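I opened my notebook to look at how this chain assembly is put together. Here is what I looked up, step by step.

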Amino acid sequence: MMQLPRWADIVLVPLISLLMAGIIAAFVLLAIGESPAEALTTMVNGALGSPYAWGYTLYYATSFIFTGLAVTVAFHAGLFNIGGEGQAQLGGLGVALICLALPWPHWTVALLAATLGAALFGAAWAAIPAYLQAKLGSHIVITTIMFNYIAASFIIYMLVDVLRPAGQMDPATARFGPGTALPTLNEIPLLNLIFAKPVPGNVTLFLALLAAWAVWEMLWRTKLGYEIRAFGKSEKAARYAGISPLRVTMIAMMMSGALAGMMSVNNVMGESGRLVQNSSEGAGFIGIAVALMGRNHPIGVILAAVLFGALYQGGAELGLWTSIPLELRIVVQGLVILFTGALDQMVRMMLAPLFARRRLAV
Amino acid sequence: MVEVAPQAAAGRQATAAPYAIELKGISKAFGSVQANKDIHIAVPRGTIHGIIGENGAGKSTLMSILYGFYKADSGEILISGTPTQIPDSQAAIRAGIGMVFQHFKLVQNFTVLENVILGAEDGAMLNTSLAKARKVLGDLAREYELDVDPDALIEDLSVGHQQRVEILKALYRQADILILDEPTGVLTPAEADHLFRILRGLRDQGKTIILITHKLREIMETTDNVSVMRRGTMVATVKTAETSPEALAELMVGRKVLLHVEKQPANPGKMVLEVENLRVRDEDGIERLKGISLHIRAGEILGIAGVAGNGQSELLEVLGGIADGTGVVRLNGVDLDLTGKLSDARSRRANGIAHVPEDRQHLGLIMDFSAWENVAFGYQDAGEYQKSALFMDNDAIRADTEKKMATFDIRPPIPTLAAKNFSGGNQQKIVVAREMERNPDLLLVGQPTRGVDIGAIEFIHKQIVALRDAGKAVLLVSVELDEILSLSDRIAVMFDGRIMGERDPGTTGERDLGLLMAGIGDNTGPVPKKGAAA
Amino acid sequence: MSLDTLLQLLDTTLRFATPLLFACLAGLYSERAGIFDIGLEGKMLVAAMAAASVAALSGSVYFGLLAGIGASLVFAGIHGVASITFRGNQLISGVALNFLASGVTVLVAQKLFRQGGGTPALSGDARFNAIELPFAEALRGVPVLGPFYAEVISGQTLLVYIALLAVPVTWWVLYRTRYGLRLRAVGENPAAVDTAGVSVVALRFSAVAIAGVLCGLAGAYMSTGLVAAFGREMTAGRGYIALAALIFAKWRPWYALWATLLFGFFQALALRPDVFKALGVSIPVAALDALPYVLTVIVLAGIVGKATPPRAGGEPYVKER
């Protein structure tokens, strides 16, 4: 196997992967007769060119930190959770039910309750595939994907038949009360000096950073984290060490689901103020790319989430100002997953000669 | 340019080259490790040639080069005097080389016939190939005592028969040179004898056999010539008739070796472990332990001998809390839970059972974890490793690791180094250090010296005896009869999930144990195993 | 339920089962060779887009079919390079390709047709049309079997019959030919194949390529046979359902036929609220939509421990002594 210096493995491999994904995406653009240069400038300007743009980028990044952490926790337990999308949508339902349940006096209380609701619903949705995997050996990749489809149908049913206020046409809940409105970045003291215009980025960003720190502590400082990582490396050895596969699978997947669910605080509560169809808009899937790009480490996840936030926001700008479809984002996302998760060995092989030569020169 | 040795040149002027295989100056490095250094060897046609050496001496690397798995960095291979390139296995087969690997390369859910023709089929349709192979196999069986049911599935065959299939595969491909890598590790003494009869028969038909082993006895009994490897170099090639086991051992290790473990007679105390009628089924519902009963007292080593796969692993697993079972297991007079909530490794450790597992790479260690993380492995609950209810005290574990590394001479003494970067012997020492330092009442040890160099073997053996002398009970499972004979105070032999009999190491010997290992018991009479050796 | 309704239901079942069957057999070749393929979905999707696009532009469904197979093969090639050549994670590679497919199909279709990421409706020679089998009308009078032959078996498109034919062919290849022997061996124990002097890499690439062709057929059928246009995300998880069917079928060709027919039946049922109403059950539309996915989970949960996948599945082959 290729052995690169640690820093190269952590920093260089993801960056080269990103670069290659970018190059191929550029070729795709050329192939459909669009200008990669124009796309790049539009995206960079739209995502990073102004505080206003950053307000959007950080808004998306907040969601991706949560879903990226969700995939990360499951990965460390050796489980591939592709169900983040469904878990996020269920989390959205939890947020909506909490927000609509009471006339909340202050956003802080509402935030706490909604976070709890989102986490519980997300965890519950992940618990079923986890149980099926641990007890019956049902392939968790397939079951979590199936649960994404089932979640989508379930949310539609809830919105159309249960939660839709009388007389409203579109399938959505009623608007949440004023006590649930989260402060956006332009409403927070000090930050309002940077963000002058209203932006969707909101206090949930800090919740996400807190979650990243908690995941780091959990994975590398606690006994639970130790057991999760050991189980993820070898189920057989974990058994020898007295670690219960059922327990670890359930806990890791439910934590993963809870994290995915918590992203809905950001979009459902912080941005739209009501639950609509397909509220997570693919953020659950982007978590996979974010986790891989971030090398399954919370700090990496934060950086990769910002990057994908920019990609997402930049992609939206493409839809507004050019004739390039937004789906370019999904292409880049797929390419990043491919290069960081499946072709990482190729990237290492490409880099290896550089380091070999340098070592000789020394 | 072809450089021809004078003997080889002379040979070619006669009927054929006298050497079936000649290696000249073969070298191979993996990174900074020089696995083979300038190896020269010449194997005369129609002989059995032994290659002996310690773990990691480079025997297997050399054979992998011969079979096209690795490309040598330099050097030359001559087959029957002709320089030959062996870039892949296909080329090795074409050159008439057949290989019987230590771990068989068989497809478990294929029949014998299907395994034999795989890669050597005649034409695109199977039926013609199968018919031809059936006939050839019949001929080979008659000629060399290599009979095996051509329609049996591999997974239903005993290991001895599986090995015959490997030999048949080579002969079906018309191999002239047969290489066997540690062929007797999985065989009973009787099966091993049968194998050597087959090999002698093949030699007498003009085939050339290369036998790689670390067992001196086999070399002495079977080979015509023997080459000794040490740390990647070929240190000597001698006629077997003109050497002795002691001389070979010294050549292997480079110093005088104690082939014996020094120990005082045992002084058994109170009863520690009692097992009655223990039964275990595997995932497919097949009974692997069929009513085991045994006991071990404090200050006593009970050795379990037997061919691998006769239930020893399951015995360790159920006692270690990895598998469930039925029956009675009593530790210090208290019945252990064998199926319920407390039937896990965590509870077993709490009860005072430590476990050095057979497979350290897949059970005993997490290879990607650092040494210090592995020192806490299985003891992640231990009080001294905790900072609070949730958090572990990683500093305390690292400090403890440094201490253990000093006590057990684990090298390099770097707690943050990943387990996979230690040698086999040092990996095993990490496991042994972790388990023994817990001061258990009962120590389970499986294959303690598998893949471990001689220096570490001596050290680990001394530790096991020291634990016994400290008044602990030890259950030792090993497929190495020498190890069982030299360490145990009592020996029980397992066959097909049963204990066939118990022996005193002072009065028994390899032949006596061999009968038990083959299922010929004291009272029970022979128990037929599906497809067992004839 | 009347006989007519039942026949309609079975007719729909067969049509829905066809792409599942192609994809399931694709997965069978790939996984029997030891390569997991979660990317069946993506390959079907690109094939559906390519087939409908080329058919729409050229007016010939056969050009479309070739384009579909070609597009699917490109994706199969990437999967092969990632999982065989570079020994990457096969699950992640498959997932990545699914995302790639979902983006690229919309990008290309939008560029070509500017119809919201889909293609225009295909008609005439640009789509596969129903084939009347001989004697369909003549035999209609035979009780039960006659209408079954006329309504269900006859009147399907060419690819349906090819899919049905692919089952015995696959069985024959797998169990009666040298290639099948080697394919099965490489998924069980690649070391056995390697030491026998057969290239593991070539075998696995060939299996991945066959999977590519079959996914191409599956996708082409979706957009030029089952319906006559490409729409975004039109495969709707069929690739994953095909994998579930493959597990249910224990990686065997004939079982794959029955398993995909079963899943096809679930999908057909989901389209018929009237059938449930006739049975006196009232089910919300959303629940009907979710029905095939729920049943897939139940089937996966119900086959506890009975399915043994190929032993070397999902693991890159590294030579070792």
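Before counting anything, I wrote down what "buried" means: a residue is buried if 20 or more other C-beta atoms lie within 10 Å of its own. I also noted that this is a predicted model.

**Entry 1: chain A overall.** With that cut-off, I found that buried residues make up 57% of the 362 residues in chain A. I then checked the radius of gyration: a compact globule with 362 residues would have one near 21 Å, and chain A has 21 Å, so the two agree. For contacts in chain A with a separation of 6 or more, 76% come from residues 24 or more positions apart.

**Entry 2: one helix.** I picked α4(A), residues 84-101. At 1.5 Å a residue, its 18 residues should span 26 Å, and the end C-alpha atoms are 25 Å apart, which agrees.

**Entry 3: where A meets C.** I saw 41 residues of chain A in contact with 42 residues of chain C. Among the elements of chain A giving two or more residues to this side are α5, α12 and α14. The most come from α6(A), with 13 residues. The chain A side divides into 28 nonpolar, 10 polar and three charged residues.

**Entry 4: where B meets A.** Here I found 19 residues from chain B and 15 residues from chain A. On the chain B side, α11 (345-351) and α12 (360-364) give two or more residues. That side has 10 nonpolar, five polar and four charged residues.

How values were computed
Residues numbered from 1 in each chain as written. Chains lettered and ligands numbered in written order. Predicted model: local features only at pLDDT ≥ 70, side-chain atom pairs only at ≥ 80, totals over all residues. Contact = placed C-beta atoms within 7 Å. Helix = DSSP H or I, 4+ residues; strand = E, 2+ residues; numbered from the N terminus. Nonpolar A, V, L, I, M, F, W, Y, C, P; charged D, E, K, R; others polar. Expected span 1.5 Å × (residues − 1). Rg over C-alpha atoms; globule rule 2.2 N^0.38 Å. Buried ≥ 20, exposed ≤ 12 C-beta atoms within 10 Å, placed from the backbone.
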